Amino acid sequence: MPERDGASAPTADTSVRHGLLLQLALRTLMATFIGAALLSQPPHANVWLHWAVFAGYLAAVAVWSWRALRSAGHLGGGTQRSVALLMLCVDLLAVAIISTETGISSAETWTSDVVQHGLFLIPLIAAAQLDPVVSATIAVPTVVTFFVVSWVDKAANGNEPWGSILSRTAVLFGLAAGSVALSRIQQSRTRTITGLALERTRLLEEVISLEKRERQSLSERLHDGALQYVLVARRDMEEVRDGSVDGIDRVDFALAESSRLLRDVVRELHPEVLARAGLKAAMTSLADGIATRTNLAVQLDAGSWPDDARTDADHLIYSAAREFSTNAIKHAQAQNLRFTVEYNGVLAALCIADDGVGIAPERLAQSVEDGHIGFASICAKVLAAGGTFAVTGTPGTTVSISVPAKCRSDAPGG
């Protein structure tokens with residue numbers, strides 16, 4: 001959804017910008033390193049070539065930093081990768097050309113020996129891109145370039161032993177491999193953070209939608225239930241004033257029904273019985289209320305739930321039972337509804353089964369997309385509590401949840 005894309009953008013943009021700033025810092029270090037080497041130990045031949053390459057590298061870094069920082073987070077993944085690889089090739093070529101050429105034309109100077117170690121910065125620059133493909137792609141050319149330059153400088157270094165060359169090459173290879181691994185770790189971390197930001201936004205949307213839906217449901221129940229009986233009683237009061245006994249009976253019945261319906265609403269909004277008498281009593285009250293105001297045959301199996309048990313999952317179980325039973329009443333076209341609650345001292349379980357039309361998985365997914373997120377909200381809470389959630393059906397629907405639950409210390413006798 002567009003909202004989620006917007007929520008993830010700040011996180012992704014921040015990571016990309018930080019990576020670009022780190023690359024700029026490392027490239028600045030690289031340029032400083034090369035410039036210092038050329039100034040302190042100028043090559044004896046083709047000085048213009050070295051400074052031309054160095055000037056071109058500075059220009060490339062300047063252009064890259066301006067465009068990259070300006071468009072941070074706005075380029076597609078393929079474009080970012082291409083730009084990153086192109087600039088890394090520029091880094092590699094600048095160091096390779098200067099170190100190789102000075103090694104050949106000015107073997108008596110130590111310029112090549114120093115500049116070639118700038119290749120150790122390239123895997124770090126690649127790692128800052130947070131793209132394992134970029135790190136892996138540039139790793140091999142970097143290692144090969146270092147080996148070739150070391151081979152070119154072998155004679156100038158007094159026939160440096162191959163063991164020394166291979167050892168230094170192995171260190172660079174290890175650094176390159178580490179950069180690939182670091183890129184993978186950082187990329188995974190960034191994805192995790194982005195995922196958490198998306199989940200936070202989704203949960204916030206669900207809370208807002210759920211509050212709106214609960215308000216609408218409450219309004220409908222009050223309007224279609226208690227309010228109608230109050231209006232009937234008000235109308236019949238005219239006959240009561242005229243001394244009609246039937247009118248008095250009708251007013252009494254209407255007020256009694258409106259009181260019952262209001263108690264049902266209050267009980268569901270704030271199930272006092274849940275806090276006072278526990279989940280078993282609250283489930284009994286919920287089942288009785290559903291049976292009274294609907295044509296459903298309601299059964300409750302709570303034999304394995306201790307009468308005085310209080311657990312930290314009571315509110316979740318009760319909320320799930322109320323949510324799923326409301327869906328069954330509105331949409332299932334069922335004749336029978338069965339609740340089963342169980343507690344074994346470790347897990348609290350709820351099963352709600354009806355014999356209605358059932359709900360296909362694609363219908364459930366579409367319902368969530370349309371904003372009817374009762375199922376998704378309960379599922380998110382159950383999974384967050386370390387439990388399990390399952391929906392099966394057609395015909396009929398069975399919803400089963402199970403969550404870890406500990407007895408609370410405020411339970412009677414606890």
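The secondary structure of this protein chain comes to 13 helices and five strands, where helices (H or I, at least four residues) and strands (E, at least two) are DSSP runs, numbered from the N terminus. This is a predicted model, in which local features need pLDDT of at least 70 and side-chain atom pairs count only at pLDDT 80 or more, while totals for chains, interfaces and linings use all residues. Residues are numbered from 1 along each chain as its sequence is written, and side-chain values use heavy atoms, with hydrogens and water left out.

How confident is the predictor? The mean pLDDT of the chain, on the predictor's scale of confidence in each residue from 0 to 100, is 80, and 85% of the residues reach 70 or more. Among the elements, helix α12 (residues 361-369) has the lowest mean, 56, whereas strand β2 (residues 336-343) has the highest, 93.

Of the 414 residues in the chain, 40% are buried; buried means under 20% relative accessible area, exposed means over 50%, and partly exposed lies in between, with a 1.4 Å probe and protein chains only.

Turning to the UniProt record, an unreviewed entry, we find the annotation "transmembrane region" on residues 20-40, 47-66, 78-98, 119-149 and 161-182; such annotations may be inferred rather than shown by experiment. In the model, residues 47-66 are 100% helix, with the end C-alpha atoms 29 Å apart, and residues 161-182 are 95% helix, with the end C-alpha atoms 32 Å apart.

Now to the salt bridges, each being a side-chain nitrogen of Lys or Arg within 4 Å of a carboxyl oxygen of Asp or Glu; by this rule the count comes to seven. Which residue does arginine 27 pair with? Its partner is aspartate 91, and the closest N and O atoms are 2.8 Å apart. This pair links distant parts of the chain, with arginine 27 in helix α1 (residues 2-40) and aspartate 91 in helix α3 (residues 77-105), 64 residues apart. Arginine 27 counts as buried because its relative accessible area is 0%, and aspartate 91 is likewise buried, at 0%.

By contrast, consider glutamate 238 and arginine 241, whose closest N and O atoms are 3.2 Å apart. Both lie in helix α7 (residues 162-241), three residues apart, about one turn of the helix. Here glutamate 238 is partly exposed, at 48% relative accessibility, and arginine 241 is exposed, at 59%.
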